[in-house]
Amino acid sequence: MARIIKKYDERRTEFLNTAQELFFTKGYEQTAVETIIKKMRLSKGTFYYYFKSKENLLDKLTERLIKNILKEVRKIVDENELNAIEKLNKAFIATQTIKIENMELMKVLLKVMHDDRNLLFRYKIYRKSVELMSPVFGSIIRQGIKENVFHTKFPDETAKLIFEMVYIFGERIPKLFFQDEIDLNKVEKEFTLYENAIERIIGAEEGTVKIVNRNILKDFSEKIKN
């Protein structure tokens, strides 16, 4: 039977989807490159044509998720009828919703990123988030300054700081979700602390920023357990 030749992006997407499935069902550490290529019936050389390593593949999976989030956030930024506060909160909610919709990948990422053997990978993911997401949030902050609801002289730097703080909160919040019994009150408290920190650095009134609501937290925790 003749070998099927696929376009570069199509084959790369197939690799990403197959790897994501295997990482979820078998675990990231337990899934070797050989496991991926065996399932796809391809050669090892083909794999390394698309990815430098298994770690590089996971990096690209994460980048794909971030870009999907970025796509939705940009749509929100372009909604001219929304004020800056509405855009900011809607962008945060959209981010959480997409993560829930991609729960299989999120479970893999949370486990990998919070294994101390993968500190470098964790740092790279946060840097990628800052690089991709901060410019679009910077535009929301600039709108808020014009509307006199945000008060900062450094909108772009402030946007970066918002996502750099994720590195700190990202150390604490996931651990709460991987406990035998998830205490939503503790999780909600952590998010409230993050909301308050954002309000301070963008110069907004207390209670302005709403990153996530109780229903989303409950939905997320139930999907994590399942």
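1. A friendly place to start is helix H4, where Glu 72 and Lys 75 sit three residues apart, about one turn of the helix. These two side chains form a salt bridge, and their closest N and O atoms are 3.3 Å apart. Glu 72 counts as partly exposed at 31% relative accessibility, and Lys 75 is partly exposed as well, with a relative accessible area of 45%. Please keep in mind that this is a predicted model.

2. Helix H4, which spans residues 54-77, holds another pair: Glu 63 and Lys 67, four residues apart, again about one turn of the helix. Their salt bridge brings the closest N and O atoms to 3.0 Å. Are the two partners buried or exposed? Glu 63 has 14% relative accessibility and so counts as buried, the cut-off being under 20%. Lys 67, at 42%, counts as partly exposed.

3. Lys 60, Glu 63, Lys 67, Lys 128 and Glu 131 are linked in a network of salt bridges. Over the whole structure, a search finds eleven salt bridges.

4. Another salt bridge joins Lys 90 to Glu 79, with 3.1 Å between the closest N and O atoms. This pair links distant parts of the chain: Lys 90 is in helix H5 and Glu 79 is in the loop between H4 and H5, eleven residues apart. Lys 90 is partly exposed, its relative accessible area being 38%.

5. Now to the packing of helices. The axes of H5 (residues 84-101) and H7 (residues 119-146) come within 8 Å and cross at roughly 155°. An angle over 145 degrees counts as roughly antiparallel, so that is how H5 and H7 run relative to each other. Their crossing is left-handed.

6. Which residues make the contact between H5 and H7? From H5 come Ala 84, Lys 87, Leu 88, Ala 91 and Phe 92, while H7 supplies Phe 137, Ile 140, Gln 143 and Gly 144. By type, the residues of this contact divide into six nonpolar, two polar and one charged.

7. Last, a residue worth a look on your screen: Ser 134, which is in helix H7. Ser 134 has a relative accessible area of 5% and is therefore buried. Leaving aside residues up to four places away in sequence, Ser 134 touches Ser 129, Ala 159, Lys 160 and Phe 163.

Methods
Residues numbered from 1 in each chain as written. Predicted model: local features only at pLDDT ≥ 70, side-chain atom pairs only at ≥ 80, totals over all residues. Heavy atoms only, no water. Axes fitted to C-alpha atoms, helices over the stretch in contact; angles between N-to-C directions. Helix = DSSP H or I, 4+ residues; strand = E, 2+ residues; numbered from the N terminus. Parallel < 35°, antiparallel > 145°, perpendicular 65-115°, else oblique. Left-handed = near helix turned anticlockwise from the far one by under 90°. Contact = heavy atoms within 4.5 Å. Nonpolar A, V, L, I, M, F, W, Y, C, P; charged D, E, K, R; others polar. Buried < 20%, exposed > 50% of the residue type's maximum accessible area, 1.4 Å probe, protein only. Salt bridge = Lys/Arg side-chain N within 4 Å of Asp/Glu carboxyl O.
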